[in-house]
Amino acid sequence: MRHLSISYKVLFVMLIMVSVVCTVVVGLLLKQSASQETELNQALFARDVTRYHQITSLLGDRLSVWVESLKHQSEGATLTEAQLLERLKRSGDFLLLQWDVSSVWLIDHQGEVTFSDGVVLPDTLQPMVAQTLRQGRPQQGVHCQTYCEMVVSTPVMLPGGKTYAVVMTTSLQEVLALLSEASQAELVLVRQPDTEVKHQSSRLYLNSSLSEKQATMMRSILGDIPPQTTIKRLITRGVEVTSSNNAYYVMLLPLFNNSANGHYVMFVHDIDDRKRTFQIQKLIIFLGGLGLVLTFVMSMFVLLRRYAQKLNALSNMLPLLAQQRFDEFKEQNKRSFFRNQWLSDELDVLGSAAEELAEKLETLDRQVNVNTAKLEKMAMFDNLTGLPNRNMMTFQLNKLLASVNREKGGIALMFIDLDNFKKVNDSHGHHFGDEVVKVASERLSGVLRETDMIARFGGDEFVILLNHVETTDQVENVAQKLTAEFVEPMRITEQTFYITISIGIAFTADAKSSTLEMMRQADTAMYEAKLQRGSSYRFFDSTMNQKVVRQVELESEARIAIKEQQFFLALQPQISLETLKLVGFEALLRWRHPERGLVSPGEFLPLLENTPMMAELDFWVMEQAIMLLSKMRNQGYPGVKMAINLSAAQFANESLQPYLTELITKYSVDASLVELELTETVLVADTERAVETIHQIRSLGCQIAVDDFGTGYSSLSYLRTIPSDIIKIDRSFINGMMETDSDRNIVDSTISMVRNMGQQVIAEGIETGEQLNQLRNMQCQYGQGYFISKPIEQHVLWQVLKSQVVNGRWVLVQTN
């Protein structure tokens with residue numbers, strides 16, 4: 001139905017309606033015809049029953065009248081018993097010839113047989129005789145043994161008040177003959193054997209003397225009666241039977257139910273001609289209904305065909321407007337629609353309106369093309385770098401997506417962000433920031449082909465559009481070249497900036513992709529690349545969307561966690577390797593979720609790192625750690641320091657130094673016991689800004705520790721320029737120290753160099769006693785790790801200190 005014109009849909013709906021109406025009418029007519037046929041059968045049934053009872057009553061009454069006349073045949077005098085016997089004996093031949101009476105009995109009022117023609121009175125007739133004597137009126141019935149006979153029992157009143165019964169039997173042949181002639185039916189006596197189930201019609205047997213031909217026909221009809229037809233059905237309604245390709249109506253009539261149980265008269269009417277007449281009538285009704293439907297369909301088809309042709313023509317023409325093929329539209333419109341007012345209809349008027357619309361659209365299309373050309377000539381470039389701006393990039397991306405299926409290959413969108421660019425603006429001003437953007441645009445542009453496009457989206461964001469890309473390997477090759485351009489630092493006047501880039505990549509070969517979708521995918525992948533630290537790139541995949549959703553959820557849960565005090569600190573002891581004296585703790589953030597239990601820092605910290613929530617968490621950790629430092633002094637551990645990790649965002653936050661000053665004053669702690677840990681990556685991103693911030697922190701009396709030493713730029717030269725107090729050797733070198741000479745030499749040389757520079761050394765990740773002894777032999781001053789102690793949850797800190805610290809020394813008991 002989706003591809004049919006409206007006219008054919010109308011035709012289809014009307015066809016259904018007419019078909020339903022015709023079906024109902026034909027069904028009613030067929031039902032009426034069947035009802036008429038049934039009524040004829042029932043009328044035939046009622047007529048046969050009436051005639052049967054009329055004929056049997058007539059014959060019975062005739063014999064009863066003859067018996068009554070015996071009393072008055074002697075000049076009006078009433079017969080005596082002897083005279084009655086005499087007359088019965090002399091009337092035997094008369095009765096046999098006249099009425100086919102085969103047996104006669106005279107029975108007195110006591111039920112004794114006083115006269116018999118030699119045949120013994122059957123016991124089955126005793127009830128009839130008794131009823132005759134008791135009621136004093138004639139009784140009729142049927143007696144069946146080998147053959148069925150009609151029985152008439154007539155009362156006779158003799159002198160003295162004595163009542164006698166004259167019982168006579170006569171053949172049913174006369175009854176059947178008269179009934180057959182009156183009903184125009186074939187009649188036969190049938191019976192059910194006593195051993196058979198009475199209600200099954202399939203067990204009926206002939207009980208009449210018939211010709212061989214008639215017997216054969218009747219047996220065939222009996223055999224063709226449907227097996228499920230019951231005796232009750234045959235008695236009450238009859239049944240139609242098809243035998244030898246001829247239709248018959250068959251019914252049963254019990255032979256006086258009280259006296260001839262199981263014996264019936266079967267009426268067989270030949271209804272073949274009538275059946276054929278009704279079949280022809282039904283066929284005429286069916287064909288008439290079908291013909292009516294076909295006539296209607298043909299008439300409607302002829303009327304609607306022209307409308308369908310016009311509608312199809314219009315539906316085929318309208319896409320030409322969308323394709324701006326106006327001349328073809330006008331030509332087809334002239335061929336499909338009438339212009340003569342006498343022949344036109346509503347669709348022709350619609351065709352004229354469509355032609356007017358085409359002319360207006362053609363005019364509008366010309367104007368749009370002119371305006372588009374003007375817009376493309378407008379300035380769509382960035383003033384600072386001379387690169388295309390966001391509008392131009394969006395416009396070009398839309399064009400490429402529209403043609404991606406017609407041209408070979410796909411397109412890739414690369415979203416590029418300069419890492420730590422905000423620090424450059426904040427520390428050196430926007431002039432240096434603009435210069436960094438210019439240098440970055442030159443480096444990025446130098447890698448691209450002529451067919452590629454680069455645009456500045458604003459601030460430190462760039463977008464590169466790669467066209468005709470066949471594989472993602474080509475995109476990855478470009479990304480590697482771009483990151484390689486930022487290995488060397490930027491030198492602007494006398495300043496040196498270590499700038500890295502994060503690249504998010506979205507690739508598609510499907511024209512159904514949208515500009516907004518590709519921008520979003522590339523932006524999401526770019527933030528994923530930022531998590532890797534340093535220059536890096538990532539291709540978008542569906543899991544990143546889930547991660548973004550998870551990040552939003554986690555940020556919301558973290559805000560609730562702060563309010564409900566789900567966050568807490570775990571403190572890892574730092575000891576002197578020489579004396580085992582407890583010198584401090586490193587404060588580590590932990591989260592106990594009410595439903596998921598303890599959430600690993602590796603799960604929530606990376607997700608929250610680039611969200612506003614991270615800054616709030618950083619300052620919360622700082623306040624909790626300094627507050628705990630104050631409590632340790634009050635608990636008898638006055639010389640123990642507290643190491644607090646600073647994130648890149650917190651280190652660059654201008655509120656760091658004022659907030660730290662406020663906390664030191666609020667909790668009255670010794671500033672020299674506050675140790676702030678920074679990673680190498682944070683320090684070298686903007687060396688001058690880092691040095692300035694460190695001087696502000698040290699001016700308060702706090703110490704500065706360089707965390708994860710050796711895993712960043714692996715350059716020792718910056719240690720001379722960056723004022724630090726403590727160097728922490730990364731756990732990766734400690735773990736390999738006992739297995740490889742290279743790691744052992746790095747650790748040994750680092751310890752010697754740092755001590756010679758007057759700084760302290762802390763080894764991270766000590767997990768075995770052998771590692772501790774080796775570091776002690778290398779004269780490493782301090783250490784921390786699972787061998788010494790796992791991080792201790794804040795709420796059990798005092799209990800652990802009581803058991804683990806004896807005279808200020810840490811008891812080395814490794815716990816699993």
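Visitor: Which side chains meet in a salt bridge at 2.8 Å, N to O?
Guide: Those of aspartate 725 and arginine 698 do, where a salt bridge is a side-chain nitrogen of Lys or Arg within 4 Å of a carboxyl oxygen of Asp or Glu. The pair links distant parts of the chain, 27 residues apart, with aspartate 725 in the loop between helix H23 (718-721) and E24 and arginine 698 in helix H22 (residues 687-698). Helices (H or I, at least four residues) and strands (E, at least two) are DSSP runs, numbered from the N terminus.

Visitor: What should I keep in mind about the model itself?
Guide: This is a predicted model, in which local features need pLDDT of at least 70 and side-chain atom pairs count only at pLDDT 80 or more, while totals for chains, interfaces and linings use all residues. Residues are numbered from 1 along each chain as its sequence is written, and side-chain values use heavy atoms, with hydrogens and water left out.

Visitor: Back to that pair: is aspartate 725 buried or exposed?
Guide: Aspartate 725 is buried, at a relative accessible area of 17%, whereas arginine 698 counts as partly exposed at 31%. Buried means under 20% relative accessible area, exposed over 50%, and partly exposed in between (1.4 Å probe, protein chains only).

Visitor: How many salt bridges does the structure hold?
Guide: There are 17 salt bridges. In one of them the side chains of glutamate 586 and lysine 728 meet at 3.2 Å, N to O. Glutamate 586 lies in strand E19 (residues 582-593) and lysine 728 in strand E24 (residues 726-729), so this pair ties together parts that are 142 residues apart in sequence. Both glutamate 586 and lysine 728 are buried, and they belong to a network of salt bridges that also links Glu677 and Glu764.

Visitor: What does arginine 592 pair with?
Guide: Its side chain meets that of glutamate 793 in a salt bridge of 2.9 Å, N to O. Because arginine 592 lies in strand E19 and glutamate 793 in strand E27 (residues 792-793), the pair ties together parts that are 201 residues apart in sequence. Arginine 592 counts as partly exposed, at 38% relative accessibility.

Visitor: Switching to the nonpolar side, which residues touch the most other members of the largest core?
Guide: They are Phe567, Met622, Met642 and Leu775, out of 84 residues in that core. A nonpolar core is a set of buried Ala, Val, Leu, Ile, Met, Phe, Trp, Tyr and Cys residues joined through side-chain atoms within 4.5 Å. Helix H18 (residues 612-634) supplies the largest share of this core, 13 residues. A second, separate core has 43 residues, including Leu84 and Phe267.

Visitor: And what is methionine 642 in contact with?
Guide: Leaving aside neighbours within four places in sequence, its contacts (heavy atoms within 4.5 Å) include Leu571, Phe585, Ala625, Leu673 and Glu675.

Visitor: Last one: how many helices and strands does the chain come to?
Guide: The chain has 27 helices and 29 strands, and 46% of its 816 residues count as buried.
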